[in-house]
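Please open the structure in your viewer and keep the selection tool at hand.

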Amino acid sequence: MINLVWLKRDLRVFDHRPLYEACNNGRPTLILYVVEPEYWQLPDTSERQFQFVKESLLSLADQLQFLGGTLTIRQGDIIEILEKIHQHIAIASLYCHQETGNTWTFARDLRVIAWCKERHVTYEEYRQQAVFRGKVNRDKWQQQAEDWLQSDCLPTPSKLILCCNSIVVLHF
């Protein structure tokens, strides 16, 4: 069984809670980014944004390699890709950041949560900013934002435990 870190927008190793948590529970970890063609066809996405993500992924792959890890990049529907991985090597826990995106990303995240529940995969989602998704009591937002902003940064993992000898595969 493995941990899977699902990367969305936060493409770094320093102060990355999903990566930090996944690397500190002893299981091999697969770090995954999925290029979702449907997302990149939305009216609020652009080629410029895609190029930035591509460059960020290349930099992240270098950083992970320095730590002894690899970045796995796939293209397609996240659910189909998770299912293929899970059939090959069981996913025990999926770690990710809470994305504050649009309706499409919110619906996608709900699909992933449902997939995890159906397969008894632990789903761990962490905030990555002081904007909170969902129904939030706005009366206490200022204090919650301050608490989040004052929290300590997490260190970069010193080493990654690979789940397999995967090769970085870029599908652009």
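**The whole chain.** Colour the model by secondary structure and follow the sequence: the elements come in the pattern β-α-β-α-α-β-α-β-α-β-α. In total there are six helices and five strands; helices (H or I, at least four residues) and strands (E, at least two) are DSSP runs, numbered from the N terminus. The model is predicted, so local features need pLDDT of at least 70 and side-chain atom pairs count only at pLDDT 80 or more, while totals for chains, interfaces and linings use all residues. Residues are numbered from 1 along each chain as its sequence is written, and side-chain values use heavy atoms, with hydrogens and water left out.

Next, select the five strands, which form an open sheet in the order 3-2-1-4-5 with parallel pairing. Two strands pair if DSSP finds at least two bridges between them. Strand 3 and strand 5 (122-126) are the edge strands, each pairing on one side only. In general, strands of a sheet pair through backbone hydrogen bonds, either parallel or antiparallel.

Now select strand 4 and strand 5. How many bridges join strand 4 to strand 5? There are five bridges between these parallel strands. Within this region, C96 stands opposite E125 of strand 5.

**Helix 4 on the sheet.** Select helix 4, residues 78-88. Helix 4 packs on the sheet and touches strand 1, strand 2, strand 3 and strand 4, where contact means heavy atoms within 4.5 Å.

Which residues of helix 4 are buried? Show the side chains of I78, I79, I81, L82, I85 and H86, the buried residues of this helix. They lie on the same side of helix 4 because they cover an arc of only 160° around the axis, the arc being that of the directions from the helix axis to the C-beta atoms. Their cover includes strand 1 (2-7), strand 2 (29-35), strand 3 (71-75), strand 4 (91-97) and helix 5 (103-118).

Turn to the other side of helix 4, where E80, K84, Q87 and H88 are exposed. Buried means under 20% relative accessible area, exposed over 50%, and partly exposed in between (1.4 Å probe, protein chains only).

**Back to the whole.** Finally, display all residues again: of the 172 residues in the protein, 45% are buried.

Technical notes: Axes fitted to C-alpha atoms, helices over the stretch in contact; angles between N-to-C directions.
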